[in-house]
Every structure is written in C-alpha cells, then in structure tokens.
Amino acid sequence: MEVIFDQKDAADWVYRGEGAVNLVLAYTGSSPAFIGKVMRIQKVPRNRTAKQPVKECVNGSSVLERHDQLVWRDYEELVLASNKETLEQLYIQHVMSPLLGPKHVDAGMRVLVTRAFLEYVQKDALCQRPALRVDAAEVDAHCDSVLLLSDHTLFPQGILNGEPCIAVEIKPKCGFLPVSSFIAEENAIKRRMTRYRIHQALKLHQKEISELSDYDPLDLFSGSKERMSKAIKALYTTPQNNLRVFLNGSLILGGLGGTTGSTNFAIEEAFEDALKCVIQADDGQRTNSFIQLVSEAAYHSGILDRLLEAQKLDYCDIEGAIHAYYNIISQPCKACKNLDEQKVSHQYTSWHSIPLDESLKIVRDYLIAATAKDCSLIICFRPKGDEVSGSSYNSVYLESTNQVFEYKVYFIDLDLKPLEKMEEHYEKDKKIVNCYIQKLCGEHGVNRDVTMNNY
C-alpha cells in the first residue's frame, strides 16, 4: 500500500537541520517502518520573483529546463524526471553513486505528502530554524512528495537494541588547489590557498561567522593521519557549519541549520561528559580520543580519496567553465566583457568555437564537481563487542582507549546544481577573491597589485 503522510502524521517528525536546498526532519514516532529514518523536504526561496516561477510539469514533461536537459542528455532518466524529488533521487543513483561508491550513497525513497503535512512541519520547525535560513527560504508547499532516507547517524536496529553510537557529520569543502590556465593573474591567490580559507574573509565581513577558522581542507584530504587529525581538531574548535556530532541520533555539538561559533569551555565540558558512554577514557581525554577515532576511520576508509576524484572533475575552474556555459545557452559571453581585448583574442576566441559536446562535458563535469565540493559525509561509530559475528561493517582500532569500533560512512546532501546558477557561481567567486585581497591590502597598507605580487 502506498504511503501518504498527512497532517496527522506530522507531529512524529521533528526538525533535524537544513541546508540551502532542503529541510531535514527526523522520525520520533513508534512505527517500525519509519524508526531510524529522516525526511528531506524541498525548500523554495522567499524572494522568488515572477521571473523565477516554480517549475510545474504537465503530462509527464521534464522538470529540467531546456538547457539543463541538454547538459544531462546522456542521462535519459534525469531528463525524463517529472518532479524535483524524482530528479534528485535519479541524480544520486546514476551520477553520484558510481563516482562515490554505492556502499556510501543512499538515494532514498520517494513518498507522497499532503499540503497540510508540509504546512504543519513548516510552522512547527519555524522556531528552531536559524534566522538566516528562515529569511532565505521556506518549505515548498507545492511539492506532493519528499525523500525518505535512513538516518545515518544511527545503525539499523541499533536504536531498538539500545546500543550506543556516535556519529560525526563533516562538510569537507574543496580539497585541492586549482591549476586551471583560465584563472586570471589577479586571482592567482586561488592557486595558493583553498577556496574555504579565502571565503572566510567574506563570511566574516558579512557577519555570517564571528571569527576565522583554522581548518584547511588540504589537511583533511592530505592522506596524512597527523594532518587529518589537525583538520578534525580545527573543525571541533570552530565548527561553523562544517562539523556536527550526534550521540544516539541527538545533536551534541554544532548547529542545527546554520553556522555556530567557537567551542567554548562550557561546550567542551558538556561534550566531554557526553562521550563517556562510548569512549572509555579518563575525564579530559575523551575528546582527544574521539578526534583520533574520526581521523583513523577517515584515513583507513579511503573515502576522501573518492570524494577528491569527483571534485577534480572541475578542471577548468569557474573562470573557464563560465565560457562553456555561454556556449551552451547561445548568448554573448558576459565574462569576456570583463577581460581586456588581448586576453579575449588569444585565449577565449577559440574557446567559444569548441564543439557543443565539449562545452556540455565541461559544464556537466563542473556541476558534478560542485556537488562533491558542497556535500557532507557522516561517519557513524559503535563499540564492537567481544562476541564473534558476521558484521558487514568495517572496524577501526582506537589505540588510546584499547577499543575496537565498527563504523559506516555515507555521503549526504548530494544535490544537483542547476545550470542557471553558473553566473551566480562566477560572480560569487569574484566577490570571495576580491574581499580576501582587500583584507590583505588593508592589513599591509598596500594596493592590490603589490599585494598580489607578494601573495
């Protein structure tokens, strides 16, 4: 029998968090079918204008816009998708799962919902949502379905058996430095510093964060246990929206749907205390052991290597991919208007004459890489008992506590990036770099050209 969630079911679903595109709810009811499940609900921008109507499909027509259909034409299933939930599910199944590994990807199950259900959860979650998220978007009450997924902060059946488990959710961001020849000389800082670290200056300027983070994705993706541990420690110290920790499915560190400040003494004490049911160490040692545990699992799983490969599909950088984008939409290239004539004539004239198939591949790979750069991963742990069992989970040994943990790793937030956002990506990239360079100029009292020659 087909499941349809109505208003009477809404009270069993509570706010778990959200990103830019989806609201996430966790199930708290008693139905065995939904215990250990989360629900992803599409959001819609509050500032949507008449030029940005909600896409409605008639008689099975594609939910993708015309140029998006062109970009994804090699994936017939995506082009035929008639609603956003099915599109997201198929994108994960056919594009991201082969890249990241089916074992680590959950495409979810589409279930039907009523408008009354969506309106109830929208109202119920309002007081828990960060103000920034509330101002930006609301639940899309026009949807008739949502995605139901396993709650990867838990082990299947573990919640019923009362087994303790702890999970860390990390948003790693881009783990490599671009080498694209399309990066303008004035933006050369992008070749020497990660996007995450450069972006911190703009976030601080716009008051999205209260202080700069010491986290560097290059450490996390380095393949060195020491540097990976350094990265996890930096994320623990300043989680922002890049780190969350769950104990038995409940949040114990980090923010629900937005950025969070530094981990102060009170938070450290509470976190250390919460770990005692999982980490067998003396007071004051459990947090360091936990950081070591996460580092060991990330290192031995090799999961970040797969993610990095997907991220590196962006081999042109947005400064190159934007030109291929204008080839696809058959419009004059706005990016070329911002370049001097010599650069346009030497590098970009031929670029705008490449075959359409080549432009489509460049943009498609860029969009896939953008998903990989913006996704999160969850590593969930539980202490392994002495009994011998045929467990399908990998194990990791925590030397500091002489414990063995089973763990599983899943990628989440594998959202399809719309083609129409390409111009926005290009403009944001410029804004991020300019803000960082202006910060350097202010700190050293020199002009931009002098600053770039030295950094």
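**Close-up 1. Strand β13 gives four residues, the largest share, to the lining of the second largest pocket.** This is a predicted model, in which local features need pLDDT of at least 70, side-chain atom pairs count only at pLDDT 80 or more, and totals for chains, interfaces and linings use all residues. Residues are numbered from 1 along each chain as its sequence is written, and side-chain values use heavy atoms, with hydrogens and water left out. The second largest pocket holds about 410 Å³ of space. Of the 23 residues in its lining, Leu154, Phe155, Pro156, Tyr393 and Lys408 are the closest to the centre. Both α6 (158-161) and β13 (403-412) supply at least two lining residues each. By type, the lining has 11 nonpolar, eight polar and four charged residues.

On a 1 Å grid over the protein atoms alone, a pocket is an open set of points where a 1.4 Å probe fits, with protein on both sides within 12 Å along at least five of seven lines; lining residues have an atom within 4 Å of a point. The volume is the space filled by probe spheres set on the points, which are joined across faces, edges and corners. Helices (H or I, at least four residues) and strands (E, at least two) are DSSP runs, numbered from the N terminus. Nonpolar means Ala, Val, Leu, Ile, Met, Phe, Trp, Tyr, Cys and Pro; charged means Asp, Glu, Lys and Arg; the others, Gly among them, are polar.

**Close-up 2. The largest nonpolar core has 89 residues.** Such a core is a set of buried Ala, Val, Leu, Ile, Met, Phe, Trp, Tyr and Cys residues joined through side-chain atoms within 4.5 Å. Buried means under 20% relative accessible area, with exposed over 50% and partly exposed in between (1.4 Å probe, protein chains only). Trp72, Phe381 and Met422 have the most contacts inside the largest core. Helix α13 (residues 317-329) gives the most to this core, with eight residues. Apart from it lies another core, of 20 residues, including Tyr27, Phe34, Leu118 and Cys143.

**Close-up 3. Which residues does Met422 touch, not counting residues up to four places away in sequence?** They are Ile318, Ala321, Ile322, Tyr325, Val363, Tyr366 and Leu367. Contact here means heavy atoms within 4.5 Å.

Close-up 4. Rings of Phe, Tyr and Trp (its six-membered ring) pair if their centres lie within 6.5 Å; planes under 30 degrees apart are stacked, over 60 edge-to-face, and the rest tilted. Phe5 and Trp13 make an edge-to-face pair, 5.6 Å centre to centre with 80° between the planes. Phe5 is buried at 3% relative accessibility, and Trp13 is buried at 1%. The ring centres of Trp72 and Tyr91 are 5.7 Å apart with planes at 80°, so this pair is edge-to-face. It links distant parts of the chain, 19 residues apart: Trp72 is in the loop between α1 (66-71) and α2 (76-80), and Tyr91 is in helix α3 (residues 84-100). Ring pairs also join Phe5, Trp13, Tyr27, Phe34 and Phe117 into a cluster.

**Close-up 5. Asp314 sits in the loop between α12 (303-311) and α13.** Asp314 is buried, with a relative accessible area of 8%. Asp314 and Ala370 are 56 residues apart in sequence, and their C-alpha atoms are 7.8 Å apart in space. In helix α13, Asp317 has a positive phi of about 65° although it is not a glycine.
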